Amino acid sequence: MSLSLFNIEGKVALITGATHGLGMAMAMQLGKAGATIVINGNSSQQKIDDALEVYKKENIKAFGYKFNVTIESEVEAAIASIEKEVGAIDILVNNAGIIKRIPLETMEVEAFREVIDVDLVAPFIVSKHVVKGMIARKSGKIINICSMMSELGRNTVGAYAAAKGGLKMLTKNMATEWAKHNIQINGIGPGYFATSQTAPIRVDGHPFNEFIINRTPAAKWGAPEDLGGAAIFLASQASNFVNGHILYVDGGILATIGKPSNE
Ligand code: GCO
Ligand code: CA
């Protein structure tokens with residue numbers, strides 16, 4: 001069997017965030033498959049540099065740019081620099097995201113807006129500026145990192161669920177408008193993964209830890225590397241007629257209503 005359909009050797013992939021967590025895991029897998037990786041971060045240059053060291057240890061060609069994905073002027077300037085200094089962006093992964101676990105009735109409007117801004121508005125802004133080159137070249141792949149919460153609610157994550165549900169629909173609308181340019185826009189919906197984001201609810205003895213394991217048919221938290229196959233598929237020619245699809249990588253959570261804890 002030939003795996004050439006999945007070949008992404010020499011492609012340039014911009015993965016927003018990707019200094020840690022699921023973004024880094026996906027960027028790592030795309031890099032190991034031969035793509036040149038461009039990561040971004042906003043907190044500090046040091047954090048980006050530390051992450052670049054991790055990629056370089058794995059012999060991955062990696063570049064880092066500091067910019068705020070929610071500020072259009074910064075995004076526009078950064079995309080122009082990347083295309084000039086690294087090359088045309090073949091693959092965009094809108095991964096950068098935040099979560100705030102606060103009950104809706106006590107959540108400050110400002111905090112709600114911040115989540116929507118990073119998790120929903122930013123993928124629009126970054127895509128808007130990357131897609132111009134993709135349209136001109138008549139080829140490209142955009143992968144929006146959605147969530148279980150694109151489909152399901154959960155106590156305290158209202159803003160996050162609203163943003164991720166919106167990102168699912170934004171994915172479908174991007175496909176509606178851009179698929180004709182031979183650009184494939186899809187989403188990946190991770191289930192519950194062992195990352196720093198879920199660390200506070202994953203600790204032993206936390207009721208949520210047991211709940212998730214019981215709720216997941218695969219009976220465990222996902223390992224970040226488990227997203228690699230989905231990312232490579234949606235970044236490669238293997239998905240050339242797949243558009244507007246959300247690929248859930250969730251150990252089967254969305255397939256089932258769950259079961260009582262004694263079963
Ligand atoms: C939570 C979790 C989730 C996950 C993930 C699920 O508090 O329920 O943090 O929101 O991070 O996005 O797919
Ligand atoms: Ca190229």
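**Exercise 1. Contacts of ligand 1**

How far does a polar side-chain atom of Arg154 lie from an oxygen atom of ligand 1? Then find what else surrounds the ligand.

*Solution.* 

Step 1. This is a predicted model. In it, the distance from a polar side-chain atom of Arg154 to an oxygen atom of ligand 1 is 2.5 Å.

Step 2. Look for other polar atoms beside the ligand. Gln197 also uses its side chain: one of its polar atoms is 2.3 Å from an oxygen atom of ligand 1. Pro190 uses its backbone instead, with an N or O atom 2.8 Å from an oxygen atom of ligand 1.

Step 3. Ask how much of the ligand is covered. Ligand 1 taken alone exposes 330 Å², and 96% of that is buried by the protein.

Step 4. Widen the view to the shell. There are 14 residues around ligand 1, and those that come nearest are Arg101, Arg154, Tyr160, Tyr192 and Gln197. Sorted by class, the shell consists of eight nonpolar, four polar and two charged residues.

Step 5. Ligand 1 takes up the space of the largest pocket.

**Exercise 2. His129**

Is His129 buried or exposed, and which side chain does the side chain of His129 make a polar contact with?

*Solution.* 

Step 1. Locate the residue. His129 belongs to helix 4, which covers residues 109-137.

Step 2. Apply the cut-off. A residue is buried if its relative accessible area is under 20%. His129 has 8% relative accessibility and therefore counts as buried.

Step 3. Find the partner. The side chains of His129 and Glu72 make a polar contact at 2.7 Å.

**Exercise 3. Positive phi in two loop residues**

In which loops do Thr156 and Asn182 lie, and what is the phi of Thr156 and of Asn182?

*Solution.* 

Step 1. Take Thr156. Its loop runs between strand 5 (140-145) and helix 5 (158-178). Thr156 is not a glycine, yet its phi is positive, at about 80 degrees.

Step 2. Take Asn182. Asn182 sits in the loop between helix 5 and strand 6 (183-190). Its phi is also positive, near 60 degrees, and Asn182 is a residue other than glycine.

Step 3. Judge the accessibility of each. Thr156 has a relative accessible area of 28%, so Thr156 is partly exposed. Asn182, at 37% relative accessibility, is likewise counted as partly exposed.

Definitions and conventions. Residues numbered from 1 in each chain as written. Chains lettered and ligands numbered in written order. Predicted model: local features only at pLDDT ≥ 70, side-chain atom pairs only at ≥ 80, totals over all residues. Heavy atoms only, no water. Near = heavy atom within 4 Å. Polar contact = N/O pair within 3.5 Å; in protein donor to acceptor, adjacent residues only side chain to side chain. Areas by Shrake-Rupley, 256 points an atom, 1.4 Å probe, with all protein chains shown as cover. 1 Å grid on protein atoms, 1.4 Å probe; cavity = no way out; pocket = protein on both sides within 12 Å on 5 of 7 lines; lining within 4 Å. Sits in = over half its atoms within 2 Å of the grid points. Nonpolar A, V, L, I, M, F, W, Y, C, P; charged D, E, K, R; others polar. Helix = DSSP H or I, 4+ residues; strand = E, 2+ residues; numbered from the N terminus. Buried < 20%, exposed > 50% of the residue type's maximum accessible area, 1.4 Å probe, protein only.
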